[in-house]
Amino acid sequence: MTKEERLKKRHRAEKRFRFYGLTSIFVALLFVVILVQNIFSKGSSAFKKTVITTEVFFDQELLEIQNGAPQEEIMEADFYDVMIENLIKAYPAKDRDEEDELLKLFSGDAEIEIKKAFLNDNNLIGKTITLDLTASDDIDQLHKGNYPRDLPEERRRISDFQLVIYDYFVENKKISKNFNNYFFNNGDSRDPELAGIGGALVGSFYSILICLLLAFPVAVLASIYLEEFAPKNKITDFIEININNLAAVPSIVYGLLALQILLATIQLPRSTPLVAGITLALMTLPRIIIPCRASLKAVPPSIREGALAVGASKFQSVFHHVVPLALPGTLSGTIIGLAQALGETAPLILIGMVAFVVDIPSSPVDPSSSLPVQVYLWSESAERGFVEKTSATIMMLLSFLIVMNFIAVYLRQKFEKRWN
Amino acid sequence: MNIVLIFLITIFSVSLFFYGKSKTKTISIKDDIKLNALPKFYGYYLVLWCSIPALVFLLVWSLFEPVIIKSIIIETAANQGAIFSDKNEANLIYEKIKAIHLGTFFGDIDSILKESALAYAKFINLFTNSKVVLIFGIIIVSVIYSLKKIKNNNKARDDVEVILKGLLFVSSLIAILTTLGIIFSLLFESIKFFSVINIFDYLFGTNWSPQRAFVRDASSITAAEFEELKDAFGFIPLIAGTSFIAFIAMLVAVPIGLFSGIYMAEYASIKVRRISKPIIEILAGIPTVVYGFFAALTVGPFFRQVGENLGLTVSSESALAAGLIMGIMIIPYVSSLSDDVINSVPQSLRDGSYAVGATKSETIKQVVIPAALPGIIGSVLLAVSRAIGETMIVVMAAGLAANLTINPLESTTTITTQIVMILVGDQEFDSPKTQSAFALGLTLFIATLILNYIAQRAVKKYREKYD
């Protein structure tokens, strides 16, 4: 091999090596794109729900209430017959079986929706109005095109006759898509068309709030101690090693800790945001302390010395000068820690947040779910409608995380002082 | 009640602050004394003395009150003839008694329960009253003490700072308390587990089927049952499955992460680096439950489909799918850390290599990487410890049955999956099945601790070498 050939070979190797590096960056970026694209394409349809425009006639004989009835009376009145009476008119069905199949196209909440319309305007007796009633999950998925209709009938959840009704609805423009208010307002439900993340949102909010209230002050105080006051001795070293190790302990171990200490020993109520918040706080604490210490360390000694020189005590120099300067870094570290806590699932499963909770929690000691746990729960469900709900929940979760991370980056860039 | 007490303590503290501040001011003006601290520090001093002892007492009391009341009530119920064979029944009866007291119980109430509910009401009353009395006692004593102190014109600032410093120290101790809590809670149940199951049967058994021990009280196991349980808790298939999935994950994460770290540190322009680094780090910020969902619903079925087309039987919960997705999650851990490590290799080493005519890639391969090797190994070990502790991806995408297999297309299970499966839903607290989850947790904790220790040592040693 001549010199030139050897050089060429070495240059080819150089190019190859560079190519590997570029490819792996590209592959990593590609994964991000595929993941996000996959979730968004599945989930974006969940923000709309299919509704069937139906004429509803409020029959006095069936309702047994008067126009202008007080609210309590309406709440107690039975709207079931009115619902049946009106829904079967949506399509000219021939017999009972066909009527049953027709009724199955509406959601389980059709009666409540009609009642709500009457609650809004209690002078509707004897009148006919048009209402957009929520469609059942099967028709919802069909209308959104998530559901193949060319399968043989026995492998479909929708019968041939229901498809005929659906086509009739489409032809007469009785079916349309509205904003899915249930997805944001409702708690969990066994019916995908009625299930929402309202409960999970509130649960997550309480958990993160408790986590913030517990972890932030303790983390800031602990890092101030370790960075500014702690003498260099064995105890301090031990605490430091401890914090570094705790930050790397798998999150599920914190779940076991919470199960044994918080639930079995102290007997706090299971499945509640209170326990979730404490568990997440213990888990996030070391993860906040590390960036807090880094931002305290970044404040140059001259600041402290300047304060000490004009007669401030050690405490005053730290709390009047160092801490305010380190605050942006501290806050952004805390927000990033909280963002991690918001997405944490495993410890919450162990403390029983997987319970099926329909009601939206009104306080941190009510049983509740949280956003990531809701993702886990729904992903285990078989119904087609839950796939889009799960993806949409992930979209909500990711957008919260993105907002939090942006705030963290903004705080750091806007307020952090550069010292050199 | 507690909220009222905290509110009262706050009001006392605030008023004491203003009292202390104005009092010292007037004294100093009237008697022309030079104060040892600014007047507000005398206020702070009073506040700290008024609030801290009372709040600490309230916290400790609130933690222990329910536990103590419960044990008393269960004992009185037992004395009155209530029959319960184990802890769960006792808990149930206690809950009933509590519900009767609150008026939310709708069922048959027999005389024992009624008596106990009355006793419960009595104890709750007693405890609440004594709590209030004790807290006020504490406040009065500590306020009198602190008022005396500030009357003598003590060095209030120094004293306040000593107390605050104590507070700071206590905050930093919480990390140690957490570690102790983890160790004790894991050890406590694990010891119970190992008193039933021999530790060697656990460590070297090749069969994991904890459902055999379902709802079985550890204290009353017969000899026949014991024989059966003996080989239900074999750890080998779990550690094999865990390492196998982690190994697949590392096969994905190490090459991609390392090469992107190298490219970012050595080749990329500042602009490329500034854009691509945060995007890759997004992968670490995505909640793992999202990866789990993606693996279970998209990747698993996709592999299965591809396998079918190739004529292979691929489980839809294959180790390959879980491992691949876990590997993607771990890429940024490897790439960021190795990027940092490579960046801290001194430029002089590179310059020396260029000077003798090496190309950039030759320099990287023969000089930079060997120099950075301890740090890179450290970052890979940290990534391994992430992989074996990762829970949601494997819970959602890996299998539940413990198969001993090295075929990546079959399903296998992991330590974390089993912990979740055992503890999700209702648990029998005294069955070996539940306790085994804690034994698994302990094993996991120790394993990650060792890995982290080695990794941190390696990275630290390496840093010291070039600092």
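## Elements and model

In this report, a helix is a DSSP run of H or I with at least four residues, a strand is a DSSP run of E with at least two, and both are numbered from the N terminus. The structure is a predicted model. Its scores are ipTM 0.90 and pTM 0.89. For chain B, the mean pLDDT is 85, and 95% of the residues reach 70 or more.

## The contact between the chains

Chain A and chain B touch each other through 67 residues of chain A and 69 residues of chain B. On the side of chain B that touches chain A, the element that gives the most is helix α5 of chain B, residues 156-196, with 20 residues. Sorted by class, this side of chain B holds 43 nonpolar, 21 polar and 5 charged residues.

## Domains of the two chains

Chain A is assigned two domains: domain 1 covers residues 45-179 and domain 2 covers residues 198-415. Taken over C-alpha atoms, the centres of these two domains of chain A are 45 Å apart. The contact between them takes 8 residues from domain 1 of chain A and 7 residues from domain 2 of chain A. The side of domain 1 that touches domain 2 in chain A consists of 3 nonpolar, 3 polar and 2 charged residues.

Chain B is also assigned a domain 1, residues 2-154, and a domain 2, residues 236-466. The centres of these domains of chain B, again taken over C-alpha atoms, are separated by 49 Å.

## Helix α8 of chain A

Helix α8 of chain A runs over residues 160-171, which makes 12 residues. At 1.5 Å a residue the helix should span 16 Å, and its end C-alpha atoms are 17 Å apart, so the two values agree. Its buried residues are A:Q162, A:I165, A:Y166 and A:F169. These residues cover an arc of only 100 degrees around the axis, and therefore they lie on the same side of α8(A).

The other side of α8(A) carries the exposed residues A:D160, A:D167 and A:E171. Several elements of chain A cover the buried residues of α8(A), including β1 (48-57), α5 (96-103), α7 (137-143) and β3 (175-179).

Most residues other than glycine have a negative phi. A:K173, which is not a glycine, has a positive phi of about 55 degrees.

A:S271 is found in the loop between α12 (251-265) and α13 (273-297) of chain A. A residue counts as buried when 20 or more other C-beta atoms lie within 10 Å of its own. A:S271 is buried because 22 other C-beta atoms lie within 10 Å.

## Helix α6 of chain A

In helix α6 of chain A, residues 110-120, the residues A:A110, A:I114 and A:F118 are buried. They are on the same side of α6(A), because they cover an arc of only 80 degrees around the axis. Among the elements of chain A that cover these buried residues are β1, α3 (71-76), α4 (80-87) and β2 (128-134).

## Two residues of chain B

B:I139 belongs to helix α4 of chain B, residues 111-151. With 21 other C-beta atoms within 10 Å, B:I139 is buried. Leaving aside residues up to four places away in sequence, B:I139 touches B:F12, B:C50 and B:A54. B:F12 is 127 residues from B:I139 along the chain, yet their C-alpha atoms are separated by 9.2 Å.

B:L102 lies in helix α3 of chain B, residues 87-102. B:L102 counts as exposed, because it has 11 C-beta neighbours inside 10 Å. The C-alpha atoms of B:L102 and B:A117 are separated by 9.3 Å, and the two residues are 15 residues apart along the chain.

Key
Residues are numbered from 1 along each chain as its sequence is written. Chains are lettered from A and ligands numbered from 1 in the order in which they are written. This is a predicted model: local features need pLDDT of at least 70, side-chain atom pairs count only at pLDDT 80 or more; totals for chains, interfaces and linings use all residues. Ala, Val, Leu, Ile, Met, Phe, Trp, Tyr, Cys and Pro count as nonpolar, Asp, Glu, Lys and Arg as charged, and the others, Gly among them, as polar. pLDDT is the predictor's confidence in each residue, from 0 to 100. Domain bounds come from an automatic or database domain assignment. The expected span of a helix is 1.5 Å times one less than its number of residues. A residue is buried if 20 or more other C-beta atoms lie within 10 Å of its own, exposed if 12 or fewer, and partly exposed in between; C-beta atoms are placed from the backbone. The arc is that of the directions from the helix axis to the C-beta atoms.
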